[in-house]
Amino acid sequence: GTVETVFAAVADRRTRLRLLPDNFTHAHLLTPHATGPGARFAFTIYTDRGAYESVTELIGYEPPVALVERTTQDDTVYEVHWRFTPLTNGTRVELELHYRPGRGLGERLLGHFARRALQHSLMVELVRLKQIVEAAPA
């Protein structure tokens with residue numbers, strides 16, 4: 001899809017909720033606006049280590065080339081920087097993950113595993129994004 005179409009799919013929190021992996025449940029909007037700075041949604045992540053409540057906020061918004069999401073989960077914060085580049089036959093989507101585990105020893109030890117789990121979930125989200133954009137009418 002065009003860079004505008006792909007950006008719009010990620011920026012709209014309603015569509016963004018559809019990209020989440022299956023172990024991210026109870027996803028819902030927290031703000032009356034679904035896109036733009038400050039738009040937020042919440043979800044629960046279920047892992048073999050337990051369930052975690054999370055909130056994701058759109059903190060950077062530069063249509064149609066970039067956006068930044070910040071997710072907070074207890075005292076752990078991570079940001080995902082999305083970049084969109086138009087190509088002759090579609091759009092390149094690049095993600096950069098900034099992960100800061102909590103300060104406790106347990107959080108630091110689990111940080112490596114959490115980072116890998118986040119990377120995996122982002123791969124699922126990219127595949128779902130591709131499916132949604134390709135299924136949309138031209």
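In which strand is H26 found? H26 is in strand 1, which covers residues 24-29. Before going on, note that this is a predicted model.

H26 stands out for its backbone. Its phi is near 55 degrees, which is a positive value in a residue that is not glycine. Is H26 buried or exposed? The relative accessibility of H26 is 59%, so this residue counts as exposed, the cut-off being over 50%.

Now T56, which sits in strand 3, residues 50-62. T56 has a relative accessible area of 2%. Buried means under 20%, so T56 is buried. Which residues does T56 touch, once its neighbours within four places in sequence are left aside? They are R13, A39, R40, F41, F43, E69, R70 and T71. With T71 there is also a polar contact between the two side chains, at 2.6 Å.

Next, the loop between strand 3 and strand 4, where P64 has its place. The peptide bond joining P63 and P64 is cis, with omega at about -10 degrees. P64 is also one of the residues that F84 touches.

That brings me to the core. The largest nonpolar core has 25 residues. Those touching the most other members are F43, L67, W82, F84 and L129. Which elements give two or more residues to this core? Three are helices: helix 1 (3-11), helix 2 (13-19) and helix 3 (105-135). The others are strand 2 (40-47) and strand 5 (76-87). Helix 1 supplies the largest share, six residues.

Not counting residues up to four places away in sequence, F84 touches V3, V6, F7 and V10, among others. Its list also includes P64, V65, A66 and L67, and then T91, R92 and V93.

Last, empty space. Rolling a probe the size of a water molecule over the atoms shows where such space is left. How many cavities of 30 Å³ or more does the structure hold? There is one. The largest cavity contains about 80 Å³ of space. Its lining consists of 14 residues, and nearest the centre lie R16, F24, T71, Y78 and E125. T71 is the residue whose side chain makes the polar contact with T56. Strand 2, strand 4 (66-73), strand 5 and helix 3 each give two or more residues to the lining. Helix 3 gives the most, with four. By type, the lining has eight nonpolar residues, three polar and three charged.

That is the end of my part.

Methods:
Residues are numbered from 1 along each chain as its sequence is written. This is a predicted model: local features need pLDDT of at least 70, side-chain atom pairs count only at pLDDT 80 or more; totals for chains, interfaces and linings use all residues. Side-chain values use heavy atoms; hydrogens and water are left out. A nonpolar core is a set of buried Ala, Val, Leu, Ile, Met, Phe, Trp, Tyr and Cys residues joined through side-chain atoms within 4.5 Å. Buried means under 20% relative accessible area, exposed over 50%, partly exposed in between (1.4 Å probe, protein chains only). Contact means heavy atoms within 4.5 Å. A polar contact is a pair of N or O atoms within 3.5 Å; within protein, one must be able to donate a hydrogen and the other to accept it, and residues adjacent in sequence count only if both atoms are side-chain atoms. On a 1 Å grid over the protein atoms alone, a cavity is a set of points where a 1.4 Å probe fits but cannot get out, and a pocket is an open set with protein on both sides within 12 Å along at least five of seven lines; lining residues have an atom within 4 Å of a point. Grid points are joined across faces, edges and corners, and a volume is the space filled by probe spheres set on the points. Ala, Val, Leu, Ile, Met, Phe, Trp, Tyr, Cys and Pro count as nonpolar, Asp, Glu, Lys and Arg as charged, and the others, Gly among them, as polar.
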